[in-house]
Amino acid sequence: MKLTNEYTTLENHWMPFSSNYAFKQSPRMVVKSEGMYYWKDSGEKVLDGASGLFCVALGHCRKEIADAVYNQMNTLDYSSPFQMGQPGPFALAERLSSILPGDIDHVFFGSSGSEAIDTAMKLAVNYHQANGQPQRTRFVSRERAYHGVNIGGTSLSGIMGNRKSFDGITLNTYHMRHTWTGEEKYKMGQPQKGAELADDLHRIATTIGGENIAACFVEPIAGSTGVLVPPVGYLERLREICDEHGILLVFDEVITGFGRTGKAFASDTYGVLPDIMTMAKALTNGSQPMGAVAVRKHIYDKLVNEPQGKGVEFLHGYTYSGHPAACAAALATLDIYEKENIFERVAELAPYFLEKIATLSDISAFTDIRGYGLLAGIDLKPQGAPGMAGLEGMAKLFEAGLHVKFTGDCALISPPLVCEKPHIDQIVDTFREVYG
Ligand code: PLP
């Protein structure tokens with residue numbers, strides 16, 4: 001009998017966000033995972049310093065999650081999420097509302113972070129329409145932002161390469177400057193300077209009319225483009241400017257959600273309440289595809305409770321919104337976060353992690369190191385075309401037994417939140433072995 005995942009050629013699968021040609025010349029394959037590790041097809045172990053892709057917060061192959069999914073698939077595998085219900089998404093939304101900040105208590109599900117972003121954009125526009133402001137159709141985000149790859153997220157993207165390739169099919173968005181000024185290099189935690197960069201939103205609002213802007217999207221810590229930690233006072237200032245102009249503030253917590261910063265959400269860590277929050281990844285520990293958008297009470301009330309039964313309130317949804325398997329995985333994941341006090345654990349472990357990563361500052365191949373919580377970014381000195389140093393670094397670290405994600409020439413370190421100090425030491429030692 002043929003195993004279901006047996007293959008004879010690499011030719012047919014078109015890999016996402018990958019240099020397919022280069023990969024297929026020199027593949028990096030993993031065939032097994034458990035706890036903090038992957039196993040290569042050669043049998044060698046690779047430490048997962050990236051939580052897969054910021055998802056696997058609780059370590060790999062958690063039995064509790066696998067069992068929950070298995071049981072769910074043997075009880076109710078699928079039902080239409082439109083106009084009929086099943087317990088999963090109701091239970092999960094109720095559970096999430098107990099850990100979401102403030103009155104962010106209503107949750108809409110999809111299957112990815114990208115879907116959550118496009119959903120949030122549509123929700124923002126519908127909210128303003130219901131408020132008698134249908135002209136609010138423009139969006140603001142930031143340079144070096146990553147908000148997924150659907151058309152909405154691509155439009156918000158501040159990674160110019162990702163946008164430029166799709167010019168002509170993206171929406172009209174406006175970009176504030178990013179918050180990395182280069183003035184406080186090799187510093188962990190929040191930069192002291194830079195809160196005034198939030199005034200870019202005010203400048204955009206006065207240029208195009210704040211009354212035309214639906215929402216401002218930011219990652220509290222810009223994750224994928226290099227761990228850009230918000231300067232002290234920056235998010236607070238953004239909140240004030242949004243309020244001044246009636247703009248909805250959206251925190252994209254796809255990376256920062258579920259403990260990465262030492263509290264449930266970065267919104268809690270930095271004490272700033274957005275109107276809308278997007279999440280995905282660690283929501284299911286990466287075990288099932290799931291994304292979610294959570295909104296404050298006034299948004300849900302305006303769109304759902306005020307019209308009172310005048311038909312479908314939000315003309316949007318996915319075949320897999322609130323999929324039973326994903327809900328089962330997410331509920332089991334949230335159980336573990338709570339039982340194992342994971343968010344508190346991160347707050348305790350973060351100083352050790354950040355101090356250890358900072359010991360790499362003497363390496364001449366690096367040009368900056370930043371971090372917050374269990375998230376750190378290391379900028380590599382460019383070698384030739386942008387991204388080449390990163391590609392080479394990723395391959396060498398993998399060869400040396402460490403998986404970290406690179407975006408361009410920046411290494412992003414985000415180990416599972418259950419990591420122990422020796423794992424952190426191993427990450428740092430492997431960087432030194434490869435670069436020192
Ligand atoms: N938003 C942020 C902040 C992300 O980091 C990502 C993915 O890395 C996304 C959105 C898109 O999520 P997905 O890849 O699940 O569509």
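Trainee: Which hand does the crossing of α5 and α11 have?
Mentor: The crossing of α5 and α11 is left-handed. The term left-handed is used when the near helix is turned anticlockwise from the far one by less than a right angle, and right-handed when clockwise. This is a predicted model, where local features need pLDDT of at least 70, side-chain atom pairs count only at pLDDT 80 or more, and totals for chains, interfaces and linings use all residues. Residues are numbered from 1 along each chain as its sequence is written.

Trainee: At what angle do the axes of α5 and α11 cross?
Mentor: Roughly 65°, and the axes come within 10 Å. Helix α11 spans residues 297-305. Axes are lines fitted to C-alpha atoms, for helices over the stretch in contact, and angles run from 0 to 180 degrees between N-to-C directions. Helices (H or I, at least four residues) and strands (E, at least two) are DSSP runs, numbered from the N terminus.

Trainee: So what do we call α5 and α11 relative to each other?
Mentor: Roughly perpendicular, therefore, is the label for α5 and α11. Angles under 35 degrees count as roughly parallel, over 145 as roughly antiparallel, 65 to 115 as roughly perpendicular and the rest as oblique.

Trainee: Which residues make the contact?
Mentor: L123, N126, Y127 and A130 of α5, with I299, K302 and L303 of α11. In contact means C-beta atoms, placed from the backbone, within 7 Å. By class, the contact of α5 with α11 has 5 nonpolar, 1 polar and 1 charged residues. Ala, Val, Leu, Ile, Met, Phe, Trp, Tyr, Cys and Pro count as nonpolar, Asp, Glu, Lys and Arg as charged, and the others, Gly among them, as polar.

Trainee: New topic. Which residues come nearest to the ligand?
Mentor: S112, G113, S114, G148 and V254, out of 15 residues around the ligand. Near means a C-beta atom, placed from the backbone, within 6 Å of the molecule or strand.

Trainee: Which helix gives the largest share of that shell?
Mentor: Helix α5 (residues 113-130), with 3 residues. The shell has 5 nonpolar, 8 polar and 2 charged residues.

Trainee: And how do α3 and α12 lie, roughly parallel or roughly antiparallel?
Mentor: Helix α3 (residues 63-73) and helix α12 (residues 324-339) cross at roughly 150°, with axes that come within 8 Å. α3 and α12 are therefore roughly antiparallel. Their crossing is right-handed.

Trainee: What about α13 and α15?
Mentor: Helix α13 (residues 342-358) packs on helix α15 (residues 421-435) at about 20°, with the axes 10 Å apart. That makes the two roughly parallel. The crossing of α13 and α15 is right-handed. On the α13 side, Y352, F353, K356 and I357 take part, and they meet K421, I424, D425 and V428 in α15.

Trainee: Last one. Which domains does the chain have?
Mentor: The domain assignment gives domain 1 (20-58 + 341-435) and domain 2 (67-339). Such bounds come from an automatic or database domain assignment. Taken over C-alpha atoms, the centres of the two are 26 Å apart. The contact takes 30 residues from domain 1 and 26 residues from domain 2.

Trainee: Which element supplies the largest share of the domain 1 side?
Mentor: α13, with 7 residues of the side that touches domain 2. By class, that side has 20 nonpolar, 7 polar and 3 charged residues.

Definitions and conventions. Contact = placed C-beta atoms within 7 Å.
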